[in-house]
Amino acid sequence: YSVMDDIDPLKPFEDYSYTTGSYNDAENGVIPFEIPFEVAEYVAEKTCYSAGLKVNQTTGVITGYNGTDDYVVIPEYMNVGDGDVVKITGISTSAFKGNIYIKEVRLSDFITEIPDNAFEGCSSLYGVTGGSVTSIGASAFKDCTSMENVIIDNYVKSIGLNAFVGCERILVNAANIKVAEA
């Protein structure tokens, strides 16, 4: 049946390949189109990542970063070679510790925790974004002297000791007063 007829979609589909010898099935088998920007951007956010990320292929945890980008993207899924894809579920303690070059990090939506010391000493870091963070570990952003604005949304349930010690100015916007006070 033809799906191209708006008036009566249940008309028989005519296959001319049997009746016309010059008909080429490949001519009409594929309809070329461009992927809209919004779709391409969505897919890129899920799979594009910064070079230099180290991942534990068994757990899906980012264990370190030795790249040179100042804007680091941690994807939801990462190709680790030979066609294997790993779901990125977290970052390890001290994964970015001491990196003085990174300025901003975009976390995968599957990352729910910023562990202890994860970004400690990242003196150029001014922002970390990610929509699913529920806890921030002890000293996670210790001595991140460029960090000024931290948005703590209603997903965050706990903040560890000294999470932001050494940060020169912190503006906290939190849904939970106990989290904001911490």
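Select S94 first: this residue sits in the loop between strand 6 and strand 7. Strands here are DSSP runs of E with at least two residues, and helices are runs of H or I with at least four residues, each numbered from the N terminus. S94 counts as partly exposed at 32% relative accessibility; buried would be under 20% relative accessible area and exposed over 50%, with partly exposed in between (1.4 Å probe, protein chains only).

A word on what you're looking at: this is a predicted model, where local features need pLDDT of at least 70 and side-chain atom pairs count only at pLDDT 80 or more, while totals for chains, interfaces and linings use all residues. Residues are numbered from 1 along each chain as its sequence is written, and side-chain values use heavy atoms, with hydrogens and water left out.

Now click on A95, in the loop between strand 6 and strand 7. Is A95 buried or exposed? A95 is buried, at a relative accessible area of 6%. Show its surroundings and, leaving aside neighbours within four places in sequence, you'll find I62, T63, G64, Y65 and A118 in contact with A95 (contact means heavy atoms within 4.5 Å).

K97 is in the loop between strand 6 and strand 7 and E120 in the loop between strand 8 (113–114) and strand 9 (127–129), so the pair ties together parts 23 residues apart in sequence. K97 is partly exposed at 45%, whereas E120 counts as buried at 14% relative accessibility.

How many salt bridges does this rule give? The count comes to two. For the other pair, select K103 and D70, whose side chains meet at 4.0 Å, N to O. K103 is in the loop between strand 6 (90–91) and strand 7 (104–106), and D70 is in the loop between strand 2 (61–65) and strand 3 (71–73), 33 residues apart. Both ends are partly exposed: K103 has a relative accessible area of 37% and D70 one of 38%.

Three strands form an open sheet in the order 1-2-6, with mixed pairing; two strands pair if DSSP finds at least two bridges between them. Strand 1 (53–56) and strand 6 are the edges, each pairing on one side only. Strand 2 and strand 6 run parallel, joined by two bridges, and the partner of I62 in strand 6 is I91.

Next, colour the largest nonpolar core, which has 33 residues; I74, F96, F119 and F141 have the most contacts inside it. Such a core is a set of buried Ala, Val, Leu, Ile, Met, Phe, Trp, Tyr and Cys residues joined through side-chain atoms within 4.5 Å. Zoom in on F119: beyond four places in sequence, its contacts include F96, I91 and F141.

Last stop, D143, in the loop between strand 10 (135–136) and strand 11 (149–151). D143 has a positive phi of about 60° although it is not a glycine, and counts as partly exposed at 36% relative accessibility.
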